[in-house]
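Please read the following report alongside the sequence and the model.

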Amino acid sequence: MINMAAEGPQNPLLPVWPEVFIGLFCFGIIFFAFYKKLLPSINKVLEERREAIEGGMEKAEATQAEARQTLESYKEQLAEARHDAARLRQEAKEQGAALIAEMREEGQRQREEIISAGHAQIEADRKQAAELLRQDVGRLATELAGRLVGEALEDHARQSRTIDRFLAELEEKAAAAPSGDAAGAAR
Amino acid sequence: MNDQVLAFETDCHLFQECGFPAPSVWSFIFDPIFSVGPIEFNKAMLLALLGTVAILSFFWAAFARPKVVPGKLQMVAEAGYDFVRKGVAREIMGKKGEPYVPLLVSLFFFVWVMNLWAVVPLAQFPVTSAIAFPAGLAVVVWVTYMTVTFKTNGFVGGLRNLCVPSGLPKGIYVILTPIEFISNVFLRPFTMAVRLFANMFAGHLLLLLFIIGTWYTLGTVVGTFYSITSFALALVLTVFEMFIQALQAYVFVVLTATYLSQALEEAH
């Protein structure tokens, strides 16, 4: 240094041109490397990283949405099943009620049938009994009359006719009595 | 060799009938390593080239084949890149700052590494204390600033952007317009260069002062006490200088981003 003292130092505020040139050259290289190669390269990777993170989040979101959808569909199916069950129960109830009503009707019908059959039977029995009674009464009366009269009334056929006529008269009388009463009442 | 590496007289000590070899402007002037005609290749240039190689190799190793899952080197480089991109460009310029990120990133790391040479053993000379380097960068910023201003606003709009701040009473403009013009067009690049240069220049002088003091006072018993004190201060100031180096690099890119953001502002 000392040997340069004779010349006097340069003003430190005045740039030395070769230094300016070297400085700009170095800065230019650095800027060019960053601008053309290094920053695009790292930016790409940063973008990829961001996408990877966001992609993961998107995937998680999609999974969640799917799970929610599945749950929703299960719920729907469950509701449907419940609805179906209720409907089936209702139908069964209705069917049961209908069955009971039908059976009751059937029972009623059968009862009436039995009753009417019974009535018919009774009527038939009564008629038969009446027929038998008529014969028996006729026979007994004839017999009794024969005994009382002391002679056998042999003409069976004629006897029968007589008895029949008598009984018919009796029946006619019996039938006429209420109507006669009714006629008397009307008068 | 000593004349290139050491910035002061080494064979002089306290009480030896020779004065304290105080650091001076001479401490920033080195004998050329070699000369090509009138062009002298000096220590600052060498360090600038070495620093460029260092920056390029570091970022090349980190960013040339980057991975989605980063390694340690890539992570550190990404932190630096993010600091400028998010902390400066996004913070000051917003979304519009994205195209200027490469400029800001290269400015930040270039200035920082050139400052950092001040504390690298054996080199120990801040490249940016030679005004040529900050001046060159300031010119780059100025050219970008002017280009962006006129490209965004057109010629008249660009002039208005540079000279007429909006929203002030009419009378003020008579005074303010020339001041704004001079400030924005001439003073800004000048102060930008000088701020960086002066900080590094003063920092280097300060370190030199205490390191030379450490050496100069060494030798006698009394001197050794001075020497130890001086050395302790040199250590403290070295740490402080490292802080200032990073801070000045940050200030440089913040100012650049501020100017560009102003240039991108639409005229009102």
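Predicted model: local features only at pLDDT ≥ 70, side-chain atom pairs only at ≥ 80, totals over all residues.

Residues are numbered from 1 along each chain as its sequence is written, and chains are lettered from A and ligands numbered from 1 in the order in which they are written.

Chain B contains seven helices and two strands, where helices (H or I, at least four residues) and strands (E, at least two) are DSSP runs numbered from the N terminus. Their order along the sequence is α-β-β-α-α-α-α-α-α. Of the 268 residues in chain B, 39% are buried, a residue being buried if 20 or more other C-beta atoms, placed from the backbone, lie within 10 Å of its own. Among contacts in chain B with a separation of 6 or more, 64% join residues 24 or more positions apart; two residues are in contact if their C-beta atoms, placed from the backbone, lie within 7 Å.

Helix α3 (residues 72–93) and helix α4 (residues 101–116) of chain B pack with their axes 10 Å apart and at an angle of about 120 degrees, axes being lines fitted to C-alpha atoms over the stretch in contact and angles running from 0 to 180 degrees between N-to-C directions. The two helices, α3(B) and α4(B), are therefore oblique to each other, a class that holds the angles left over when those under 35 degrees count as roughly parallel, over 145 as roughly antiparallel and 65 to 115 as roughly perpendicular. On the α3(B) side the contact includes B:Gly80, B:Tyr81 and B:Arg85, and on the α4(B) side it includes B:Leu104, B:Phe108 and B:Phe109. By class, this contact of α3(B) with α4(B) has nine nonpolar, one polar and one charged residues.

Between the chains, 31 residues of chain A are in contact with 38 residues of chain B. The side of chain A that touches chain B has 24 nonpolar, three polar and four charged residues.

UniProt, in unreviewed entries, annotates residues 16–35 of chain A as "transmembrane region", and gives that annotation to several spans of chain B, including residues 44–63 and 224–244. Such annotations may be inferred rather than shown by experiment.

| Span | Distance between end C-alpha atoms | Helix and strand |
|---|---|---|
| Chain A, residues 16–35 | 28 Å | 95% helix, 0% strand |
| Chain B, residues 44–63 | 28 Å | 100% helix, 0% strand |
| Chain B, residues 224–244 | 29 Å | 100% helix, 0% strand |

How values were computed:
Buried ≥ 20, exposed ≤ 12 C-beta atoms within 10 Å, placed from the backbone. Nonpolar A, V, L, I, M, F, W, Y, C, P; charged D, E, K, R; others polar.
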